Amino acid sequence: DEKDAWKITLFAEWYCDYFFLSVVDHHDAEEEIYFPWLKSKAEIPDKKYSKSHEELMELMGTLKDLCEETLQKKGLDCSKEIAALKEKVPAFETFMRVHLKEEELTIPQILRDHFTLEEDRQTVEKILQNGGLEMARTFL
């Protein structure tokens, strides 16, 4: 519907230009900096997180493809894409909540048991420096 095309277009732009990029940056920081740092002093449930990270990124890629198709069509004649998003977004949201809960139940205890606040601060600072202003701008 032409009068409602703006809604799906704005959602697709937000997803592609902000949400997707922010989560990818977060994922990369975890995989390249944070989790290796945690493993330097502690054991973390590798397979559990690696598997869920891979599945989340795959699902996010599918959502991004749907959003990009919608943007190419300028939100018009997108009933197929909208139906797929309506099906996949709630599943993604549930999956993301479970994934985050797993990390939140495990990682803070690892930090308390094996690292100081200063060590954590330095590692977070390294992540922020690695991402630069563009990551900060997108994330905020």
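## Second largest pocket

The second largest pocket holds about 270 Å³ of space. A pocket here is an open set of points on a 1 Å grid over the protein atoms alone, where a 1.4 Å probe fits, with protein on both sides within 12 Å along at least five of seven lines. Its volume is the space filled by probe spheres set on the points, which are joined across faces, edges and corners. The pocket has 15 lining residues, and F19, V23, H26, M96 and L100 are the closest to its centre. Lining residues have an atom within 4 Å of a point.

This is a predicted model: local features need pLDDT of at least 70, side-chain atom pairs count only at pLDDT 80 or more, and totals for chains, interfaces and linings use all residues. Residues are numbered from 1 along each chain as its sequence is written, and side-chain values use heavy atoms, with hydrogens and water left out.

## Who lines the pocket

Three helices, α1 (5-39), α2 (46-72) and α3 (79-114), each contribute at least two lining residues. Helices are DSSP runs of H or I with at least four residues, numbered from the N terminus. α1 gives the most, with 8 residues.

By class, the lining has 9 nonpolar, 5 polar and 1 charged residues. Nonpolar covers Ala, Val, Leu, Ile, Met, Phe, Trp, Tyr, Cys and Pro; charged covers Asp, Glu, Lys and Arg; the others, Gly among them, are polar.

α3 has 36 residues. From first C-alpha to last, α3 reaches 51 Å, close to the 52 Å expected at 1.5 Å a residue. The expected span is 1.5 Å times one less than the number of residues. The buried residues of α3 are E81, A84, L85, F92, M96, H99, E103, I107, I110 and L111. Buried means under 20% relative accessible area, exposed over 50%, and partly exposed in between, with a 1.4 Å probe and protein chains only.

M96 is 7.2 Å from L56 in space, C-alpha to C-alpha, and 40 residues from L56 in sequence. L56 belongs to helix α2 and is buried at 4% relative accessibility. I107 in α3 has a relative accessible area of 9% and is buried. I107 and I44 lie 63 residues apart in sequence and 8.1 Å apart in space, C-alpha to C-alpha.

## Aromatic pairs

The whole structure contains 8 aromatic pairs. Rings of Phe, Tyr and Trp (its six-membered ring) pair if their centres lie within 6.5 Å; planes under 30 degrees apart are stacked, over 60 edge-to-face, and the rest tilted. The F11 and W14 rings have centres 5.8 Å apart and planes at 45 degrees, so this pair is tilted. F11 and W14 are 3 residues apart in helix α1, about one helical turn. F11 is partly exposed at 28% relative accessible area, and W14 is partly exposed at 41%.

Y15 and F20 also form a tilted pair, with centres 6.1 Å apart and planes at 45 degrees. Both of these residues are buried. Ring pairs link F11, W14, Y15, F19, F20 and F92 into a cluster.

## Cysteines

The disulfide count is 0. A disulfide is a pair of cysteine sulfur atoms within 2.5 Å. C16 is in no disulfide, and the nearest cysteine sulfur, that of C67, is 4.8 Å away. C16 is buried, with a relative accessible area of 7%. C78 is buried too, at 3%.
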